[in-house]
Amino acid sequence: MVKNNFSDLLTLSDLSSEQLQRLISLSAEKKKEFQLKGANRLLEGRTGIMLFEKPSLRTRVTFEVAMVQLGGHMIQLQPEHVSLGKRETVKDAAYNLSRWVDCIVARTFSHELLVELAQHASVPVINALTDLHHPCQALALALTLKEKRGELKGLNLVFVGDGNNVANSLAELCGHLGMNFILACPSGFEMPERVIEQIQPLFKKHGGRFETNHDPKLAVRNADLIYTDVWVSMGQESESEQKKAHFLPFQVNNDLLKQAPQHCLVTHCLPAHRGEEITDEVMDSPQSICFDEAENRLHAQKAVLMALLVPGMLS
């Protein structure tokens with residue numbers, strides 16, 4: 001199998017803005033189709049493999065259910081059974097898997113490992129989260145916002161928290177769609193400069209704005225959506241106490257929400273540490289869309305699988 005245009009999903013930069021728009025539309029179509037008609041068998045006979053170095057609830061379940069609803073099958077491999085780059089080289093693992101399965105869904109600590117896997121695999125590789133990007137999460141948000149707000153161009157998305165993998169992918173999403181992305185974080189916890197440099201041309205091209213603000217109350221003043229995530233990502237547990245001291249003023253609570261417009265929505269990529277980065281009263285409020293977004297992981301990932309495995313799906 002020879003890879004062609006949009007052959008992997010490692011970051012949202014792998015998509016053109018037009019392909020991203022079509023992928024969001026495809027997600028909406030498949031969700032509506034499933035609600036009206038139930039499962040289809042578009043990927044019957046196809047098999048995917050899931051290689052996860054980190055724990056997962058939403059990503060694992062939604063990818064497996066997505067493949068099953070499309071008529072295919074997904075195999076979960078435990079990390080100790082593979083040990084990419086240790087038990088055997090990443091290249092050899094990619095060569096082997098490409099002979100057996102139709103796609104590889106990988107959740108790794110190192111983004112570079114995922115890139116290496118995609119370089120040697122002749123089947124599509126999908127980023128199920130790395131330390132640098134989480135594109136499937138951003139796609140689920142796009143579908144959810146489309147349902148709640150309709151037109152996305154010009155909306156203000158304020159990410160309150162660490163400039164982490166989720167923030168990176170959400171900023172890419174906003175750049176593609178002409179949305180404004182504001183990162184509200186403590187000084188020293190900004191997004192990596194290399195990521196900012198990569199996405200700035202998208203904002204320039206599509207009319208959105210990227211900015212960093214160290215005052216959360218000022219940052220949310222015109223927010224259409226407040227997004228947050230855990231302060232300590234998987235693999236950074238040793239930094240927990242140090243980070244909490246910096247991030248306490250950035251908790252998404254009622255006091256912060258009062259600084260935003262009344263129509264402002266709130267979401268979290270989950271899992272949430274309730275009482276830390278977000279309070280119960282906000283997470284369970286009518287303005288919260290985090291569980292709608294979690295539901296839409298299923299439909300967004302269904303669209304990703306179809307787009308990568310069915311020729312011409314994004315044409």
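Guide: Before we start, a disulfide here is a pair of cysteine sulfur atoms within 2.5 Å. This is a predicted model, where local features need pLDDT of at least 70, side-chain atom pairs count only at pLDDT 80 or more, and totals for chains, interfaces and linings use all residues. Residues are numbered from 1 along each chain as its sequence is written, and side-chain values use heavy atoms, leaving out hydrogens and water.

Visitor: OK, how many disulfides does that rule give?

Guide: The count comes to zero.

Visitor: Is Cys269 buried or exposed?

Guide: Cys269 is buried, at 5% relative accessibility. Buried means under 20% relative accessible area, exposed over 50%, and partly exposed in between, with a 1.4 Å probe and protein chains only.

Visitor: Where is Cys269, then?

Guide: In the loop between strand 9 (265-268) and helix 12 (280-283). Helices (H or I, at least four residues) and strands (E, at least two) are DSSP runs, numbered from the N terminus.

Visitor: Which residues does Cys269 contact?

Guide: Beyond neighbours within four places in sequence, its contacts (heavy atoms within 4.5 Å) include Arg58, Tyr227 and Glu293. Arg58 is 211 residues apart from Cys269 along the chain, with their C-alpha atoms separated by 9.6 Å.

Visitor: New topic: how many residues of helix 6 are buried?

Guide: Eleven of the 15, so helix 6 is largely enclosed by the rest of the structure. Cys136 is one of them.
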